[in-house]
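This report covers the packing and the side-chain pairings of one protein chain. Please keep the sequence and the 3D view open while reading.

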Amino acid sequence: MFVKQLSVFIENREGRLEQVTEVLKNEEINILSLSMADTTEYGMLRMVVSDPEKAKDKLREKGFSAMLTDVLAVKLEDKVGEMHKMTHILCSQGLNIEYMYALASKNRRAMIVKASDGNTAAQAILDGGLELYSNEEMCW
């Protein structure tokens, strides 16, 4: 029901993002989706990757602050109103959407969602007629 998201706290300076992607490339870990938010000094890189546990461990070995978080990967069709359907389902349950970002590939289309209560959000999504990717489906 949940997908493991890799979060990496990095300094906002030249070359740091490249160092993260180099570690993942060298370990043959695929980046399926990512979001990056920054301040003047630091950034938070959030990713769904093909092997989250290995990615976390290898990044930590290289001195990065990395952690795993449970998020939802909500399957959405490519049609008008799908995003509203998802946000309406969550908001009707009194849930806060803390952040979200898109995942789109040849085989998958989803919104990666972190809600204020993951278990309630997951059940609401399923009860509302939408589907969730499992961690196994994402990390093939």
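## Cores and contacts

The largest nonpolar core has 16 residues, and Leu-72, Val-74, Met-86, Leu-90, Val-113, Ile-125 and Leu-130 touch the most other members. Two or more residues each come from strand S4 (65-75), helix H3 (82-92), strand S6 (109-115) and H4. H4 gives the most, with four residues. Another core lies apart from it, with 14 residues, including Ile-10, Leu-45, Ala-55 and Ala-66. The model is a predicted one.

Leu-130 sits in the loop between helix H4 (118-127) and strand S7 (131-132). Is Leu-130 buried or exposed? Its relative accessible area is 7%, so Leu-130 is buried. Beyond four places in sequence, Leu-130 is in contact with Val-74, Lys-75, Leu-76, Glu-82, Lys-85, Met-86, Ile-89 and Ile-125. Asp-78 is 52 residues from Leu-130 in sequence, and 13 Å away in space, C-alpha to C-alpha.

Leu-72 has its own set of partners. Leaving out residues up to four places away in sequence, Leu-72 touches Met-1, Phe-2, Met-111, Ile-112, Val-113, Gly-118, Ala-121, Ala-122 and Leu-132.

## Helix H2

Helix H2 (residues 52-61) has Pro-52, Ala-55, Lys-56 and Leu-59 as its buried residues. Down the axis of H2, these buried residues fall within an arc of 100°, so they line one face of the helix. They pack against strand S1 (3-11), H1, strand S3 (42-49), S4 and helix H5 (135-138). Gly-63 follows H2 and has a positive phi, near 90°.

Within H2, Lys-56 and Glu-53 are three residues apart, about one turn of the helix. Residues three or four places apart point the same way, because an α-helix has 3.6 residues a turn. Lys-56 counts as buried because its relative accessibility is 15%, under the 20% cut-off. Glu-53 is partly exposed, at 41%. Salt bridges that share partners join Glu-53, Lys-56 and Asp-57 into one network.

## Salt bridges

How many salt bridges does the structure hold? There are 10 salt bridges. Three of them are listed here.

| Pair | N to O distance |
|---|---|
| Asp-70 and Lys-4 | 2.7 Å |
| Glu-27 and Lys-54 | 3.7 Å |
| Lys-56 and Glu-53 | 3.6 Å |

Asp-70 in strand S4 and Lys-4 in strand S1 are 66 residues apart, so this pair links distant parts of the chain. Asp-70 is partly exposed, at 35% relative accessibility. Lys-4 is partly exposed as well, at 29%. Glu-27, in the loop between H1 and S2, and Lys-54, in helix H2, also form a link between distant parts of the chain, 27 residues apart. Glu-27 is partly exposed at 24%, and Lys-54 is partly exposed at 31%.

## Rings and backbone

The structure holds one aromatic pair. The rings of Phe-9 and Tyr-42 have centres 5.0 Å apart and planes at 15°, so the pair is stacked. Phe-9 lies in strand S1 and Tyr-42 in strand S3, so the pair ties together parts 33 residues apart in sequence. Phe-9 is partly exposed at 40%, and Tyr-42 is partly exposed at 37%.

Charges also sit over rings. Arg-46 lies over the face of Tyr-99, 3.7 Å from the ring centre. Lys-75 lies over the face of Tyr-133, at 4.7 Å from the ring centre.

Glu-28 is in the loop between helix H1 (16-26) and strand S2 (31-38). Its phi is positive, near 55°. Most residues other than glycine have a negative phi. Glu-28 is exposed, at 73% relative accessibility.

Methods: Residues are numbered from 1 along each chain as its sequence is written. This is a predicted model: local features need pLDDT of at least 70, side-chain atom pairs count only at pLDDT 80 or more; totals for chains, interfaces and linings use all residues. Side-chain values use heavy atoms; hydrogens and water are left out. Buried means under 20% relative accessible area, exposed over 50%, partly exposed in between (1.4 Å probe, protein chains only). Contact means heavy atoms within 4.5 Å. A nonpolar core is a set of buried Ala, Val, Leu, Ile, Met, Phe, Trp, Tyr and Cys residues joined through side-chain atoms within 4.5 Å. The arc is that of the directions from the helix axis to the C-beta atoms. Rings of Phe, Tyr and Trp (its six-membered ring) pair if their centres lie within 6.5 Å; planes under 30 degrees apart count as stacked, over 60 as edge-to-face and the rest as tilted. A charge sits over a ring if NZ of Lys or CZ of Arg is within 6 Å of the ring centre and within 35 degrees of the ring normal. A salt bridge is a side-chain nitrogen of Lys or Arg within 4 Å of a carboxyl oxygen of Asp or Glu.
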